[in-house]
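Reader: I am new to this structure and would like to learn how its features are read. Could you take me through them one by one?

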Amino acid sequence: MMSRPKDELIDELIREFRTSGNQDDAVDALAAQRLGVSESDLRCLNIVENAGGISAGELAVEAGLTAGAVTGVIDRLERAGYARRIPDAADRRRVTVEVTPAFYKAADRIWGPMATEWQSLLSRRFTIEELERVTAFLRATNELGRRHMDRLRNTP
């Protein structure tokens with residue numbers, strides 16, 4: 001079997017990666033509706049959950065929001081019962097934002113079936129080495145994305 005040129009494979013990979021991101025955005029739009037939050041607030045919940053808790057300032061940076069805007073996000077997520085502020089014992093001005101058990105319960109109804117299917121499909125279809133390589137690819141693309149977010153933030 002003849003190999004395709006590397007640049008053609010990279011173009012296809014980028015198209016599939018972008019399609020995956022767009023599909024993830026569409027799922028998140030539906031999930032936000034189900035949770036009764038905005039898509040921006042859901043993105044912040046995802047950041048908080050993925051980090052296992054995060055400071056308000058770090059959340060603002062990760063989400064690309066101002067400090068004032070992130071305060072409003074956290075207020076709304078607390079009112080919805082999906083996040084809480086945990087005071088820092090060493091610095092009373094600093095808080096860590098965490099997701100709540102209510103968020104995990106709601107998230108399981110929305111994403112639980114997909115997570116179960118991901119586990120099954122990926123376990124059957126890919127070897128450990130292939131999964132490690134895919135993970136390395138995603139880490140590399142995430143780092144590239146972070147660098148370019150910083151570039152866009154810092155250029156007029």
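Author: A search of the whole structure, which is a predicted model, finds three aromatic pairs, where rings of Phe, Tyr and Trp (its six-membered ring) pair if their centres lie within 6.5 Å, and planes under 30 degrees apart count as stacked, over 60 as edge-to-face and the rest as tilted.

Reader: How are the rings of F17 and F137 arranged?

Author: A pair of aromatic rings is described by the distance of the centres and the angle of the planes. The ring centres of F17 and F137 are 5.7 Å apart and the planes stand at 85°, so this pair is edge-to-face. It joins distant parts of the chain, with F17 in helix α1 and F137 in helix α6 (residues 128-154), 120 residues apart; helices (H or I, at least four residues) are DSSP runs, numbered from the N terminus.

Reader: At what angle do the axes of α1 and α2 cross?

Author: Axes are lines fitted to C-alpha atoms, for helices over the stretch in contact, and angles run from 0 to 180 degrees between N-to-C directions. The axes of α1 (residues 6-35) and α2 (residues 39-51) come within 9 Å and cross at roughly 100°, and the two helices are therefore roughly perpendicular (65 to 115 degrees) to each other.

Reader: Which residues of α1 and α2 meet?

Author: With contact meaning heavy atoms within 4.5 Å, D25, D28, A29, A31, A32 and L35 in α1 meet E39, L42 and N46 in α2.

Reader: And how should I treat the numbering and the values?

Author: Residues are numbered from 1 along each chain as its sequence is written, and side-chain values use heavy atoms, with hydrogens and water left out. In this predicted model local features need pLDDT of at least 70 and side-chain atom pairs count only at pLDDT 80 or more, while totals for chains, interfaces and linings use all residues.

Key. Parallel < 35°, antiparallel > 145°, perpendicular 65-115°, else oblique.
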